[in-house]
Each structure stands twice: as C-alpha cells, then as structure tokens.
Amino acid sequence: MLNKKLLVIAATCMILSACSQKADQLPTDSNTKASSPAQSKSQQATEAPSATEPQTDNKSVSTKGTNEPSAESKEQTKAVPEIKYHMNKVYNIVPNEEGTEKKVVLLTFDDGPKNKEWINGIIDVLDKHKAKAIFFVNGYRIKENPELLKLIHDRGQPIGNHSWDHISLKSQPLPKVKQQIEDVQKIVKELTGETPVFFRPPFGEGGDVGRKVAKDNKLLYMTWSNGSLDWTLKTKDKSSNPDKVVKNVLEQLHPGANILMHELPWTVEALDTLLTKLEDKGYSFVDPASISTEPVTDSNK
C-alpha cells in the first residue's frame, strides 16, 4: 500500500513539473498586449511612407512641380515659323520653293515709335487680320519713349533697325554708320531682350558702307518695292488722306510687294480698309519671321 502511494505522489510531481515548463515558454496576456501596438507601428512604417516622405508611388503628383516649364523656357520653346521666303535684289518677297504661296505682301511701318494711340491702332488692325508687320524704329525716338518700343514688342510685332538719327547714310564715314546702326541694335536688345534682324536705311540711302555694316551685324538690308506715299500727304488734307494711302498701295500692288508705310494718323485710319482690299484680291500677309535673313546673289530669283 505504501508503495502505491509513493508512485502516485511521484507521478503527480512529474505532471506539475511539465506544466510549469510549458507555462514558462508561453507569453503572458500582459506581454502580448504590451507588444502588439509596437509591432503594429513597425509594420506600418515598413508598409507605408510617412507624411513627410515624397509620394514616390504617385508619379503624377511627384513630378508635376519639377516638370512644369518656366515662363523663360516657354518663351525659348515658342514655335518658330518655317523659313519659306527670301528677299530678292529689288526687295520683293519671293517663295523659296515652288508651291509656296506667291500672292503675299510684307507690311512695314517706319520712323517710330511715336505715339501710343497710333501704335495701338495699327496693331489692333494687324491683330484683326492676323498679320505681322516690321516696325522700323529710330534710336532717338526710342530714347524719348522707351515704353513705346516695349509696347510694340509686348504686342508681338517684330522690330527693325532704321538708324539712330534718321539721316542719309550713303555719304557718312564707316565709324558714323556703325554708330547709327549698332547703337539701335544695343538699345532694342536692352529694352526687349531681342536684337533686330532687319535694317532699312532712312530715305533708302544706305550706300555700300551701310550694306557692309548691316551685313556685319547680321541684318537683312532692305528698302521697299511699294511706297504708300503716306509721308507726302499734308495735314490740311487729312480727311481724304486715308483714301489716298489705299489708292497708292493698290496702284503698285504685285506679288511679294514690300509695302512702306509710317506711323501717321491717316495711315492708321486707312489700314483696315487697305488690308481688307488686299485680302479681297487674294493676298495674304507674310510673317517676317518666315523670311530668310541671308541675302541672295541672283537679282531675278
């Protein structure tokens, strides 16, 4: 009987010992509860970016700011018209290739910038007809009214060089001609950020020296092939002057005509009628930016 009791006691001790070891190997409730939040945060950190990190999985968000072009880059990447025309030795605008429209005219305005109202009036009409014109400017006028030069540029019209003082250059020495042309190049560049590429000598009198200086400054030298004669009209006849401007241009009209006009009140008044009549005759207005600035050697080409 004693032996049986001893065996029962021994077996009970062994069972209690085994249960104690298993209990030591298992986490308690308090340990499980304490570790769960930490484990959850750790998992969240590895599975998702924090609020301060860039959203690298969302390309449309992360690249939008860095890829947006600046105003300067937009200006630099503006579409440049294809070069389709050149100017021949008699100053007409001629297509480079067969099939390019021949019935075009080049619009130009000399002796500015003079008057804000006239400039806006001219450009309003140009915009209405989707036309561009070269504004040939004088340096002394720019110095007097720099804001008017900026107005022409800001409204999207090209600016040409018409010398500083509006004097005949054909009998002037080289240093004087260089000053007359190059000082205009500098002031236009300073005020607009762009350098003129077209040059028209005052009175059409540039001489060999004027041609050389223009070429040295990468300027296309031109006079005109259709004169509106608006500069010959008198103030006392101003009521009839607009009709005379239109009549003078139409009488000389031909494909490629390089039309000379000025910043004058009757020219402003005549312009819409003139451009409408040109369009009615099948003419369009060549963009100066589509004209090559390289001179040609064949006067008949």
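Predicted model: local features only at pLDDT ≥ 70, side-chain atom pairs only at ≥ 80, totals over all residues.
**Exercise 1.** Locate Ile-167 in the chain and list its contacts beyond four places in sequence.

*Solution.* Step one: Ile-167 sits in the loop that runs between strand S5 (159-161) and helix H9 (174-192). Step two: with neighbours within four places set aside, Ile-167 touches Gln-172, Lys-176, Gln-180, Pro-202 and Phe-203. Step three: Pro-201 is 34 residues from Ile-167 along the chain, and the two C-alpha atoms are 8.4 Å apart.

**Exercise 2.** Count the aromatic pairs, then classify the pair of Phe-199 and Tyr-221 by its geometry.

*Solution.* The count is three aromatic pairs. For Phe-199 and Tyr-221, the ring centres are 5.9 Å apart, and the planes meet at 55°. Stacked needs an angle under 30 degrees and edge-to-face one over 60, so this pair is tilted. Phe-199 belongs to strand S6 (residues 198-199) and Tyr-221 to strand S7 (residues 220-221), 22 residues apart, so the pair links distant parts of the chain. Both Phe-199 and Tyr-221 are buried.

**Exercise 3.** Classify the pair of Trp-224 and Trp-231, and state the exposure of Trp-224 and of Trp-231.

*Solution.* The centre-to-centre distance is 6.5 Å and the planes are 65° apart, making the pair edge-to-face. Trp-224 has 26% relative accessibility, so Trp-224 is partly exposed. Trp-231 has 39%, so Trp-231 is partly exposed too.

How values were computed
Residues numbered from 1 in each chain as written. Heavy atoms only, no water. Phe/Tyr/Trp six-rings, centres within 6.5 Å; stacked < 30°, edge-to-face > 60°. Helix = DSSP H or I, 4+ residues; strand = E, 2+ residues; numbered from the N terminus. Buried < 20%, exposed > 50% of the residue type's maximum accessible area, 1.4 Å probe, protein only. Contact = heavy atoms within 4.5 Å.
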